[in-house]
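Welcome! Here is a friendly briefing on one protein structure, arranged by topic. Please keep the picture beside you as you read.

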Amino acid sequence: MQSHKLSRRRFLQSSALFTSGTLLAACAGVAAPAASEPAASGDDAMAEPTEIEFTVWGSWDATYGLLMDEYKKTSNTNVTIISAPFGQYHDRLLTRFASGDLPDVGMIVDFDFARFQNRGFLTDLTHYVEAHPTWDINEPGYGHFYDVITDFFKSEGKPYAIPAEVNPMGIGYNIDMFEEFGVTTPYEHFQNDTWTWDTFVETAKEMMRGEGDEKIWGWTNGPVRIWNIVNRIWQNGGNIFNEDKTEVLVDQEAAVEAIQWKFDLYLVHELGPANLRSADAGAGGLFDQGRLALRDVGTWTRKGMEGSDINWGVVPQPKSVQYATWTGGFSYTIPVGAPNPDAAWDMIQYTASLEGAKFLLRNGHAGSSVKAAMESDSFLFEPPAHPESYLFMMDTVHPQPFIRRNQEFLEIWDREMDLVAIGEKTAEEAAIQIKTETEPLLEA
């Protein structure tokens, strides 16, 4: 037992057993999700509560702590929430899984899902989903979630995680700056069906002003990763892999053209301050300072802009031949061999309910995987202006392109994109190298 506690301590950055939900919810000024059943009474109320552990990263312990306090009112379960820094979280959790030091519920992000699933660490949730009173496992998205994200967390057609989040990627813009400069806004272009790649570049250039520390940049967003680039490939009608992941398509014209266009936003048009694989190309500080007209945004940007004086709006990313964007997000999983899997599932289904999802949105969650929650006033509020743009994006989303040996693929991808970003390789040269090195991974 002692070694279990020591292992957990190494994982732990901040841990709390939240039991003051009424006070915290009152301080937050939000309504709690409706109870799904009456609180326990009589002999049930005297029973020892079940103890389960839920691992999260970053500051999610605060948001989920509020929800778990509300859950405690409907359940004889105490939920201990353990948090670690995001950059270390999945490696630490993988170590815990491998050693048998298991939480009951583990939060896992989309691009690390395969690392856990490939090792057989995650519980097949089919029987839980089938037994749910309102979800229908035969319906897309179980009739409750966005289907693109439920499908992502399946393996051989079976659910191994319950999605928590969606993060469609759009373009944020400084409304007051556009008014001051008298430039047509991205939203106006979108409404007029003129929001294209060419219009995007022209608009960003038109917004640029000044020199040195006072310079206003048109657009930047770095360091770009695969999800920032594959958006553009989809918008241009291409893809990185074929549908069944047996062939690499990134060397085809539509993909090559999109990759080069993306990096030329800096290399040719100089819209931002640094190459797009550099941390110096980051948009956050510049946008908050009023020195950036346009930036890539997700549903998470709203939380990041809390307290900002910037009056901003959001639109879909511009189209080439079509509108398209990426969505990902994290999920709830139950490890194989978890101490209390049934109690873990009860917590998950409460958290993933409509009211649970709306509660999380009102308390700083990004975008919810629960479709009805996204379509409610728990999400559709300002800022940003035009939040309904995110719903349009969800009609054009693709899941991030993953393969089973994804870590090896991403190392190849990032190395080649670094070279394109600094102009040492063309997109075509990089794409040919990616195809050459990646196709053997598909065969393994």
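## An exposed residue to begin with

Glutamate 156 has a relative accessibility of 79%, so it counts as exposed. Exposed means over 50% relative accessible area, buried means under 20%, and partly exposed is in between, using a 1.4 Å probe and protein chains only. The model is a predicted one: local features need pLDDT of at least 70, side-chain atom pairs count only at pLDDT 80 or more, and totals for chains, interfaces and linings use all residues. Residues are numbered from 1 along each chain as its sequence is written, and side-chain values use heavy atoms, with hydrogens and water left out.

**The protein as a whole**

- The protein has 21 helices and 16 strands; helices (H or I, at least four residues) and strands (E, at least two) are DSSP runs, numbered from the N terminus.
- Of its 444 residues, 57% count as buried.
- Take the contacts between residues at least 6 apart in sequence: 76% of them join residues at least 24 apart. Contact means heavy atoms within 4.5 Å.

**Backbone features to look for**

- Most residues other than glycine have a negative phi, and most peptide bonds are trans.
- Glutamate 156 is not a glycine, yet its phi is positive, at about 50°. Its place is in the loop between β5 (154-155) and β6 (158-159).
- Glutamate 270 also has a positive phi, near 50°, in a residue other than glycine. Look for glutamate 270 in the loop between α13 and α14 (284-288).
- The peptide bond from glycine 222 to proline 223 is cis, with omega near -5°. Proline 223 belongs to the loop between β10 and α12.
- Proline 383 and proline 384 are joined by a cis peptide bond with omega of about 0°. Proline 384 sits in the loop between α18 (371-374) and α19 (389-394).

- At 1.5 Å a residue, the 15 residues of α13 should span 21 Å, and the end C-alpha atoms are 20 Å apart, which agrees. The expected span is 1.5 Å times one less than the number of residues.
- The buried residues of α13 include Ala255, Val256, Trp261 and Leu265. Among the elements that the buried residues of α13 pack against are α11 (197-207), β11 (292-297) and α21 (427-443).
- How do the axes of α13 (residues 253-267) and α20 (residues 406-421) meet? They come within 10 Å and cross at roughly 45°. Axes are lines fitted to C-alpha atoms, for helices over the stretch in contact, and angles run from 0 to 180 degrees between N-to-C directions.
- The two helices, α13 and α20, are therefore oblique to each other. Angles under 35 degrees count as roughly parallel, over 145 as roughly antiparallel, 65 to 115 as roughly perpendicular and the rest as oblique.
- Ile259, Phe263 and Leu267 of α13 make the contact with Trp413, Met417, Val420 and Ala421 of α20.
- An α-helix has 3.6 residues a turn, so residues three or four places apart point the same way.
- By class, the residues in the contact of α13 with α20 are seven nonpolar, no polar and no charged. Ala, Val, Leu, Ile, Met, Phe, Trp, Tyr, Cys and Pro count as nonpolar, Asp, Glu, Lys and Arg as charged, and the others, Gly among them, as polar.

- The contact of α4 with α16 has seven nonpolar, one polar and two charged residues.
- Threonine 63 lies in helix α4 (residues 60-72). Is threonine 63 buried or exposed? At 11% relative accessibility, threonine 63 counts as buried.
- Beyond its neighbours within four places in sequence, threonine 63 is in contact with Leu360 and Asn363.
- Leu360 is one of the buried residues of helix α17 (residues 354-362). The cover over the buried residues of α17 includes α4 and α16 (341-351).
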